[in-house]
Amino acid sequence: MSEQFDVLIVGGGHGGTAAAMALRQYGFDGSVGIVNAESTLPYQRPPLSKSFLAGEVGLDRILIRPESFWAENRITLIQGTRVDAVQPAAKVAITDTGESIGYGQLIWAAGSSPRWLDPARDRKLSGVHVVRDVSDTQRLRTDVLNGSRAVIVGGGYVGLEVAAVLRKLGKPVTVLEAADRVLARVSAEPISQFYEAQHREHGVEIQVGRQVADLEARNGHVNAVHLATGEELPCDVVVIGIGAMPTTAPLIAAGAAAGNGLLVDALCRTSLPGIFAIGDSVAAPNRYAGGATVRLESLQNAADQGVIVARHIAGQPQGDPPVPTFWSDQYDLKLKTVGLNTGYDEVVVRGTPASKSFSVVYLRDGRVTAIDAVNAMKDFAQGKALVRSGADIAPALLADPSRPISDLLAQIAR
Ligand SMILES: Cc1cc2nc3c(=O)[nH]c(=O)nc-3n(C[C@H](O)[C@H](O)[C@H](O)COP(=O)(O)OP(=O)(O)OC[C@H]3O[C@@H](n4cnc5c(N)ncnc54)[C@H](O)[C@@H]3O)c2cc1C
């Protein structure tokens with residue numbers, strides 16, 4: 001066996017690094033190793049579809065911590081190495097180079113990998129991109145700067161953020177969305193309508209209800225997208241933003257229970273002894289989804305789950321379950337979401353979308369479960385307490401932006 005760690009973390013992204021840092025913060029003194037498939041130092045992923053793609057910040061500005069931090073905190077980084085198998089009985093992880101790394105406890109933080117339309121076809125074509133890691137964004141940026149027209153498949157957060165950057169770079173962009181509106185999976189209609197209008201105003205061609213049938217290439221480079229309707233969209237860059245799949249194979253092969261992600265309990269314990277899992281790769285019970293098991297793709301979720309595991313390993317008490325939060329930056333618009341809108345049955349718009357500062361409040365059975373705040377930081381910040389309280393507030397009060405959310409909450413408390 002080449003190495004042995006008291007805690008071995010697989011994946012050096014947001015969850016893995018948060019777990020390692022929290023272990024030290026909570027006084028864990030044992031050895032900690034992070035084995036990471038990427039050879040880059042741990043970095044922040046959100047800028048990959050925003051400022052890093054725009055060329056506004058370089059890699060040095062998006063590192064999670066400077067290089068010296070890891071050694072100073074006795075966290076061993078094993079870069080450019082993938083874990084291909086885990087043997088829970090022997091407590092070893094086997095890497096792609098065939099080495100065994102022993103562990104006392106293992107934290108699986110391997111994230112997710114982007115979906116392709118047709119992996120066998122798309123991966124072979126130049127000009128066709130997904131956005132997951134630094135090298136994806138670097139390749140995409142080069143192609144965009146040299147290209148003349150881009151088609152983005154998928155009108156979710158990543159697709160729309162990339163569209164906004166490409167417009168900033170002056171490139172013609174078409175977004176194709178299969179559903180009847182953008183952001184349909186994550187938000188209600190007023191948010192979708194607002195973002196569609198904003199993108200159109202910035203010159204993005206948004207086409208909803210569109211299915212891609214095929215990609216056409218010349219000399220190995222994409223040169224058109226064919227739609228199910230028979231239409232053809234000429235382009236030299238295609239970005240596929242149709243979601244991601246949890247990275248789970250080695251743990252499933254080792255016998256871990258899984259559904260849409262590795263199944264874990266409230267302490268992020270998998271069904272395998274001594275193995276925790278966090279971040280994009282897990283489905284965990286969530287109080288804010290009414291206790292249902294959900295898989296969340298957000299930085300805050302990955303980092304918070306890292307802290308939960310670190311506290312548990314370090315023998316520290318747990319805090320209250322964190323309220324889920326998400327964000328997306330497009331043009332001058334900051335969308336911040338607090339809570340989960342799963343199963344909402346009522347939506348209240350607070351303020352006027354035309355002012356570019358408003359919120360959408362989601363209710364289920366009369367209780368506020370989530371808020372999407374667009375350029376409305378106060379609603380987001382105060383909304384956290386509202387979502388946490390599960391309060392029952394009359395929609396007419398919520399709809400009045402002159403009544404701060406904190407006042408509405410204070411009234412209930414009285
Ligand atoms: C382009 C983009 C923009 C985003 N924007 C936002 C945003 O604005 N706000 C937000 O909240 N969230 C955003 N997200 C989502 C957020 O980045 C993820 O939810 C978060 O990174 C998940 O953390 P994680 O630790 O689970 O996985 P990751 O941060 O993805 O880290 C997983 C790491 O594990 C490595 N790995 C995988 N398999 C193995 C293996 N077998 N062995 C070793 N290493 C392995 C991977 O290479 C990767 O480095 C964005 C994601 C992307 C891709």
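Predicted model: local features only at pLDDT ≥ 70, side-chain atom pairs only at ≥ 80, totals over all residues.

User: Which residue in E11 does Thr-174 stand opposite?

Analyst: Strand E10 covers residues 173-177 and runs parallel to E11, with four bridges joining them. Within this pair, the residue in E11 opposite Thr-174 is Glu-205.

User: Which residue in the turn of the hairpin formed by E5 and E6 has a positive phi?

Analyst: Strand E5 (residues 92-95) pairs with E6 in the antiparallel sense over three bridges, and Val-92 stands opposite Gly-102 in E6. Four residues lie between the two strands of the hairpin. The turn residue with a positive phi, about 85 degrees, is Gly-98.

User: Over how many bridges do E1 and E6 pair?

Analyst: Strand E1 spans residues 3-10 and strand E6 spans residues 100-108; their pairing is parallel. The number of bridges is seven.

User: Is the pairing of E6 with E19 parallel or antiparallel?

Analyst: Strand E19 comprises residues 275-277 and is joined to E6 over three bridges. Leu-106 stands opposite Ile-275 in E19. The sense of this pairing is parallel.

User: Which residue in E21 is the bridge partner of Ala-284?

Analyst: Strand E20 (residues 282-285) pairs with strand E18 (residues 261-263) in the parallel sense over two bridges, where Leu-262 has Val-282 as its bridge partner. E20 also pairs with strand E21 (residues 293-294), in the antiparallel sense over two bridges. In E21, the partner of Ala-284 is Val-294.

User: Why is the chain as compact as a globular protein of that length, and what is its radius of gyration?

Analyst: The chain contains 13 helices and 26 strands. For 414 residues the globule rule gives 22 Å, and the chain's value is close to that, so it is as compact as a globular protein of that length. Its radius of gyration is 22 Å.

User: What percentage of the residues in the chain are buried?

Analyst: Buried here means under 20% relative accessible area. The chain exposes about 17,400 Å², with carbon and sulfur atoms supplying 50% of it. Of the 414 residues, the buried share is 52%.

User: How far apart do the centres of the positive and negative side chains lie?

Analyst: The chain has 39 positive and 43 negative side chains. The C-alpha trace spans about 70 × 60 × 35 Å along its principal axes. The distance between the centres of the two charge sets is 3 Å.

Definitions and conventions: Residues numbered from 1 in each chain as written. Heavy atoms only, no water. Rg over C-alpha atoms; globule rule 2.2 N^0.38 Å. Buried < 20%, exposed > 50% of the residue type's maximum accessible area, 1.4 Å probe, protein only. Areas by Shrake-Rupley, 256 points an atom, 1.4 Å probe, with all protein chains shown as cover. Lys, Arg positive; Asp, Glu negative; His and termini not counted. Charge placed at Lys NZ, Arg CZ, Asp CG, Glu CD. Pairing = 2+ DSSP bridges.
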